Amino acid sequence: MSQTFYDVMIAHGRWKLIPSGLGVTLLIAFCAIVIGSILGCVFAIFKISEKRALRAISETYTTIIRGIPMATQLMIFYFVVFSPLGLSNAVLVAIIAFGINSGAYCTEIFRAGIQGVDRGQMEAGRSLGLSWWQTLIKIILPQAFRTALPTYTSEFITLIKETSVASFIAVVDLQKTCDNIRNATYNAWIPLLSCALIYLCLTVGLTKLFAFCERKMTKS
């Protein structure tokens with residue numbers, strides 16, 4: 001077994017490809033969650049707005065994005081939207097696609113968090129002379145974020161795992177790197193199990209990190 005692992009991963013330096021693929025996976029995931037968080041905040045505010053047009057825009061966005069599989073969205077963005085415009089950077093397209101997809105889920109996460117805060121908090125803020133926006137930013141959102149953090153954690157972890165479909169548009173991420181090693185060595189189980197183990201370590205590590213942050217926020 002150890003000899004087989006050496007022949008597949010070590011002998012020809014194939015293991016050196018994995019950090020590069022892992023870096024691409026993390027780059028896509030972190031950039032996408034930033035985009036998704038920004039979009040989620042904007043569309044969550046749209047969704048709780050008193051203006052019907054803003055609510056309709058937010059509802060349309062979340063319905064369409066959440067109703068289409070991520071792999072299909074990715075290929076639509078790459079082959080239908082961006083390729084005709086001359087944008088062939090697959091990593092950049094993947095970041096945009098995953099960011100827009102994550103934004104739809106973050107919208108619902110943040111909306112639920114905001115609406116989970118007692119209505120009296122808004123009334124209290126307004127009675128103190130704060131505007132609607134000031135009350136939202138200074139009073140409502142900090143409480144909403146603490147409430148939404150567990151679900152937000154799950155979204156981020158799911159996003160990291162979903163980036164494995166980025167190879168559909170020729171992104172050489174962690175999944176594609178391990179697949180390339182499999183094709184070169186005709187050995188499936190070592191590269192694929194290595195890939196699975198790395199994803200598992202990422203998700204478990206992030207789960208513990210966010211759990212630590214949640215405990216700190218609960219104490220404060």
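Let's start inside the fold: Asn-101 sits in helix 5, which covers residues 90-115. (Helices, H or I runs of at least four residues, and strands, E runs of at least two, come from DSSP and are numbered from the N terminus.) What you're looking at is a predicted model, where local features need pLDDT of at least 70, side-chain atom pairs count only at pLDDT 80 or more, and totals for chains, interfaces and linings use all residues. Residues are numbered from 1 along each chain as its sequence is written, and side-chain values use heavy atoms, with hydrogens and water left out.

Is Asn-101 buried or exposed? Its relative accessibility is 2%, so Asn-101 counts as buried. (Buried means under 20% relative accessible area, exposed means over 50%, and partly exposed is in between, using a 1.4 Å probe and protein chains only.) Skip the residues up to four places away in sequence, and Asn-101 touches Ile-65, Met-70, Gln-73 and Glu-162. A contact here means heavy atoms within 4.5 Å.

Now zoom out to the whole chain. The protein chain has 9 helices and 0 strands. Of its 220 residues, 40% count as buried. Take the contacts between residues at least 6 apart in sequence: 75% of them join residues at least 24 apart. Along the principal axes, the C-alpha atoms fill a box of roughly 70 × 45 × 20 Å.

What about the nonpolar residues? In soluble globular proteins, nonpolar side chains tend to be buried together. A nonpolar core is a set of buried Ala, Val, Leu, Ile, Met, Phe, Trp, Tyr and Cys residues joined through side-chain atoms within 4.5 Å. The largest one here has 43 residues, and those touching the most other members are Ile-28, Leu-74, Phe-98, Phe-156, Ile-169 and Val-171. Several helices supply at least two residues each to this core, among them helix 1 (2-10), helix 4 (70-82) and helix 7 (132-162).

Pick out Phe-98 and see what surrounds it. Leaving aside neighbours within four places in sequence, Phe-98 is in contact with residues including Ile-28, Ala-32, Met-70, Leu-74 and Glu-162. There's also a second, separate core of 8 residues, which includes Ile-45, Val-117, Met-122 and Leu-136.

Next, the aromatic rings. The whole structure holds 8 aromatic pairs. (Rings of Phe, Tyr and Trp, the last by its six-membered ring, pair if their centres lie within 6.5 Å; planes under 30 degrees apart count as stacked, over 60 as edge-to-face and the rest as tilted.) Take Phe-43 and Phe-46: their ring centres are 5.6 Å apart and their planes sit at 75°, so this pair is edge-to-face. Both belong to helix 2, and being 3 residues apart, they are separated by about one helical turn. Phe-43 has 14% relative accessibility, so Phe-43 counts as buried, while Phe-46, at 23%, counts as partly exposed.

Phe-43 also pairs with Tyr-61: the ring centres are 4.3 Å apart with planes at 25°, so that pair is stacked. Phe-43 lies in helix 2 and Tyr-61 in helix 3 (residues 52-67), so the pair ties together parts that are 18 residues apart in sequence. Tyr-61 is buried too, with a relative accessible area of 14%. Elsewhere, Phe-30, Phe-156 and Phe-210 form one aromatic cluster, and Phe-156 is one you've already met in the largest nonpolar core.
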